[in-house]
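Hi,

Here is the structure I promised to pass on. Have a look at it first, and my notes follow below.

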Amino acid sequence: IFDAAALSAMPRGGEYLALHGSNPEVLGWITVPNTNIDYAAALTADNEKYLHTTLSGEESKSGAIFFDYRTDGSLSGRPLILYGHNMRAGTMFHDLNSYKHKGFFENNRRITLWAGSEKREYEVYAAYIATEDIYFIRMYFKDDAYFLDYMTGLQALSKFSTDVELTAAD
């Protein structure tokens with residue numbers, strides 16, 4: 001799934017290929033504009049391994065960015081859920097807190113994910129602080145209508161409204 005020629009357009013393509021070469025669980029790279037979020041992401045058999053382990057296998061409080069273990073290896077499922085710590089030092093997913101501010105939310109609505117050699121862009125259509133009483137981590141849906149209901153429910157929780165019209169194909 002890694003095509004060196006296709007990754008030549010990626011700003012950190014060489015680093016991405018090197019990480020994947022030393023750790024085949026590295027399958028993606030996420031970048032969020034105007035933040036420090038610019039990280040490789042791994043997929044492994046559980047949601048524990050990378051909580052306190054770097055992609056190179058070293059112990060670390062910050063761990064690594066990783067996909068939910070139920071994600072398929074082609075990263076083609078929906079939704080794609082990524083985990084990462086909110087580090088006080090401003091690393092990992094700390095800068096997602098910027099989406100609490102309307103100006104940031106309105107001006108930084110495109111997130112880039114390299115899935116293997118494929119560049120994908122996602123539109124941020126909702127931002128909210130998830131509390132323990134909201135179960136937002138769903139991976140499987142009976143059909144497109146259930147998926148659309150799920151996404152619309154998340155949109156209703158957003159701190160800021162948008163004109164994004166969700167469809168079952170999203």
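At the start of α4, a side-chain oxygen of D143 comes to within 3.1 Å of the backbone nitrogen of A145. Please keep in mind that this is a predicted model: local features need pLDDT of at least 70, side-chain atom pairs count only at pLDDT 80 or more, and totals for chains, interfaces and linings use all residues. Residues are numbered from 1 along each chain as its sequence is written, and side-chain values use heavy atoms, with hydrogens and water left out.

Helix α4 covers residues 144-157, and its 14 residues reach 20 Å from the first C-alpha to the last, close to the expected 20 Å (1.5 Å times one less than the number of residues). Helices here are DSSP runs of H or I with at least four residues, strands are runs of E with at least two, and both are numbered from the N terminus.

Which residues of α4 are buried? They are F147, Y150, M151 and L154 (buried is under 20% relative accessible area, exposed over 50%, partly exposed in between, with a 1.4 Å probe and protein chains only). Seen down the axis, these buried residues fall within an arc of 90°, so they line one face of α4 (the arc uses directions from the helix axis to the C-beta atoms). D149 and A156, on the other side, are exposed.

There is also an open sheet of 6 strands, ordered β4-β3-β2-β1-β5-β6 with mixed pairing (two strands pair if DSSP finds at least two bridges between them). Its edge strands are β4 (82-83) and β6 (118-123). Strands β1 (26-31) and β5 (110-115) pair in the antiparallel sense over 4 bridges, and T31 has T112 in β5 as its bridge partner.

Best wishes

Notes:
Polar contact = N/O pair within 3.5 Å; in protein donor to acceptor, adjacent residues only side chain to side chain.
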